Amino acid sequence: MRTDQRAYVRALIVLDTAVLAVAVLVGYAARFGESAPRETVPYVLVAPGLVLAWLVSLKVLRCYDDRVIGYGADEYRRVSMASLRLAGATAIAGYVADVGVSRGFLAISFAVGTIGLEAARFAARKRLHRARSRGAGWSRRVLVVGDTAHVLELVHTLRREPYAGYQVVGACIPDALLAPVAQRLGDVPVVGSFRGIPEAAASIGADTVAVTASGELTATRLRRLGWQLEGTGIDLVLAPALTDVAGPRIHTRPVAGLPLIHVEAPEFRGARKLVKGLVDRSVSLMALALLLPLLAFIALAVKLDSRGPVLFRQIRVGQGGQEFGVYKFRTMVVNADRLLAELATANETDGLMFKMRDDPRITRVGRLLRKWSLDELPQLVNVLLGQMSLVGPRPPLPSEVARYDGDVARRLLVKPGMTGLWQVSGRSDLSWEDGIRLDLYYVENWSLAADLTILWKTFGAVLNSRGAY
């Protein structure tokens with residue numbers, strides 16, 4: 001796996017170099033065109049020097065560190081920070097040394113290069129994620145250490161998102177649970193106890209030791225484990241029992257040498273909520289104005305395809321349990337609700353929803369609208385009225401809410417959305433349990449930045465048509 005990792009890093013360096021070379025050429029061409037610059041500055045040396053300095057800045061900011069590449073937002077932040085710091089240093093150095101390098105050339109080069117680096121990293125990451133999902137690509141080999149129940153839970157969590165790149169290859173459990181014969185926790189082999197964790201990791205080629213909860217793993221034993229792993233090239237990762245809490249809500253504060261994790265309460269009101277509501281209504285109003293010709297065309301197609309109203313209004317439950325009528329283009333026959341009882345046994349999903357790939361109630365036009373999620377566009381009216389948000393949990397039916405338990409009912413703490421984590425992560429292909437987990441994660445950790453990310457991913461989910469039926 002280390003070979004695959006080095007190959008991926010080398011590929012990133014080559015990709016970054018190509019992007020920066022193009023950025024510098026674009027900056028030169030945009031500033032000077034076909035005519036030679038009047039300045040006496042030798043751009044034939046400045047351009048390669050800028051590319052080299054940029055690569056060094058990326059290296060210094062640890063943009064090729066295997067702990068950040070391939071997953072999370074830190075990789076993008078470091079790339080942007082490396083570019084901004086180099087731009088600032090270049091501007092200061094040019095002013096102090098009174099070098100006549102064109103500011104226009106530098107500004108264009110840095111703008112194109114920064115955007116290009118981010119786009120290239122995104123493309124490389126997506127390719128890596130696809131490879132990891134197929135069981136290929138560079139991934140970390142993880143030895144999980146802890147009590148059996150916590151080990152199984154952590155294994156399940158890591159395997160739920162294989163694109164993150166954590167491949168569990170073995171487990172170590174307490175001495176008291178170790179049997180004289182070979183053991184397995186599910187399909188994970190037990191390769192040792194807490195007495196020989198470094199040796200167990202080395203024997204199976206693990207490059208990461210992930211420690212989860214266990215009464216026997218005291219602070220002293222964990223500190224000694226960190227000492228034992230020094231110089232081995234094996235990383236130590238601590239997996240707390242607290243899950244599904246996003247980074248901005250977590251703050252680590254050392255108290256008497258003990259790293260205490262402080263978790264902020266979720267934010268359900270305040271200035272950020274007001275801004276979110278303002279953005280929702282502004283965007284929905286603009287979208288309705290721009291999409292008016294498309295909405296009219298779809299309405300005509302629905303009317304000509306089958307008898308019945310163009311719009312379908314259904315009672316759903318919104319924030320705080322308030323009921324409202326959600327609008328959609330009609331995609332089913334007019335007596336679809338009465339036919340539902342006859343199709344109950346054909347339900348293809350668990351939980352409280354009804355989903356069926358080849359639902360006979362769906363019309364011809366309706367099938368196309370559902371494939372591209374065009375039937376949801378009238379919900380922009382609900383957003384404009386303040387009943388829904390652009391991003392949020394799926395608006396449930398009153399019959400579903402009536403069967404909610406205490407945990408699931410937390411979905412009602414925020415406005416339902418036209419799109420959300422559930423929709424961009426697989427839509428109807430996800431199980432009820434996974435969908436609820438994603439919705440609750442959004443409720444607890446929402447942010448304006450996360451909303452923008454989900455909206456961006458929605459376009460990809462719609463184009464791929466995954467889970468749309």
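I started with the UniProt record, an unreviewed entry, which places the feature "transmembrane region" at residues 7–29, 41–61, 82–99, 105–124 and 282–302. The model I am looking at is predicted.

I checked two of these spans against the model. Residues 105–124 are 100% helix and 0% strand, with the end C-alpha atoms 28 Å apart. For residues 282–302 I noted 95% helix and 0% strand, and again 28 Å between the end C-alpha atoms.

I found a nonpolar patch of about 370 Å², made by Val275, Val279, Val283, Met286 and Leu448.

I then looked up Met286, which is placed in helix H8. Is Met286 buried or exposed? Its relative accessibility is 52%, so I recorded Met286 as exposed, the cut-off for that class being over 50%.

Last, I turned to Asp207. I located Asp207 in the loop between helix H6 (197–203) and strand E5 (208–211). I noted that Asp207 is buried and yet has no salt bridge. The nearest side chain of opposite charge is that of Arg140, at 4.3 Å; a salt bridge would need a side-chain nitrogen of Lys or Arg within 4 Å of a carboxyl oxygen. I did find a polar contact of 3.1 Å between the side chains of Asp207 and Thr208.

Terms used
Residues are numbered from 1 along each chain as its sequence is written. This is a predicted model: local features need pLDDT of at least 70, side-chain atom pairs count only at pLDDT 80 or more; totals for chains, interfaces and linings use all residues. Side-chain values use heavy atoms; hydrogens and water are left out. Patches are made of residues with over 30% relative accessible area and no salt bridge: like charges are joined within 9 Å, nonpolar side chains (Val, Leu, Ile, Met, Phe, Trp, Tyr) within 5 Å. Accessible areas come from the Shrake-Rupley method with a 1.4 Å probe; for residues, only the protein chains shown count as cover. Helices (H or I, at least four residues) and strands (E, at least two) are DSSP runs, numbered from the N terminus. Buried means under 20% relative accessible area, exposed over 50%, partly exposed in between (1.4 Å probe, protein chains only). UniProt positions are given in the numbering used here, feature names are shortened, and annotations may be inferred rather than shown by experiment. Lys and Arg count as positive and Asp and Glu as negative; His and the chain ends are not counted. A polar contact is a pair of N or O atoms within 3.5 Å; within protein, one must be able to donate a hydrogen and the other to accept it, and residues adjacent in sequence count only if both atoms are side-chain atoms.
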